[in-house]
Amino acid sequence: MSEKKEPARLVRCPNCGKQAKFTPGNPYRPFCSERCKIIDLGAWAEEKYAIPVARPEPALDPTEPPVDTGDEND
Ligand SMILES: [Zn+2]
């Protein structure tokens, strides 16, 4: 088996658009640098927190009879 040495794969940094090496040697891949990674992750987190969480209303079935909680002698 002959292992070919592939040229460093380049990807576009999602943050700045620069060419970033997509190799094990680049711990920040697919970002070009640590800075871009942090910036992008920060932006993502902010965006995440900015989006209001859609809370589905508890399904109250009006056809459901009220739960009998026991005797109510009044
Ligand atoms: Zn970058």
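Of the 74 residues that make up the chain, 5% count as buried, a proportion computed, like every value reported here, from a predicted model. The secondary structure consists of one helix and two strands, and these elements follow the pattern β-β-α when the chain is read along its sequence. Among the contacts in the chain with a separation of 6 or more, residues 24 or more positions apart account for 7%.

Helix 1 comprises residues 34–50, and over these 17 residues the distance from the first C-alpha to the last is 24 Å, close to the 24 Å expected at 1.5 Å a residue. The helix is hardly covered, since the count of buried residues among its 17 residues is zero. In general, an α-helix has 3.6 residues a turn, so residues three or four places apart point the same way.

The loop between strand 2 (19–21) and helix 1 contains Phe22, and Pro24 and Pro30 are likewise found in the loop between these two elements. Phe22 has 15 C-beta neighbours inside 10 Å and therefore counts as partly exposed, a class that lies between the limit of 12 or fewer for exposed residues and that of 20 or more for buried ones. When residues up to four places away in sequence are not counted, Phe22 touches Arg9, Leu10, Val11, Arg29 and Pro30. The C-alpha atom of Phe22 is separated by 8.7 Å from that of Cys32, a residue ten positions away along the chain.

Pro24, by contrast, counts as exposed because 7 C-beta neighbours lie inside 10 Å of this residue.

Notes
Residues numbered from 1 in each chain as written. Predicted model: local features only at pLDDT ≥ 70, side-chain atom pairs only at ≥ 80, totals over all residues. Helix = DSSP H or I, 4+ residues; strand = E, 2+ residues; numbered from the N terminus. Expected span 1.5 Å × (residues − 1). Contact = placed C-beta atoms within 7 Å.
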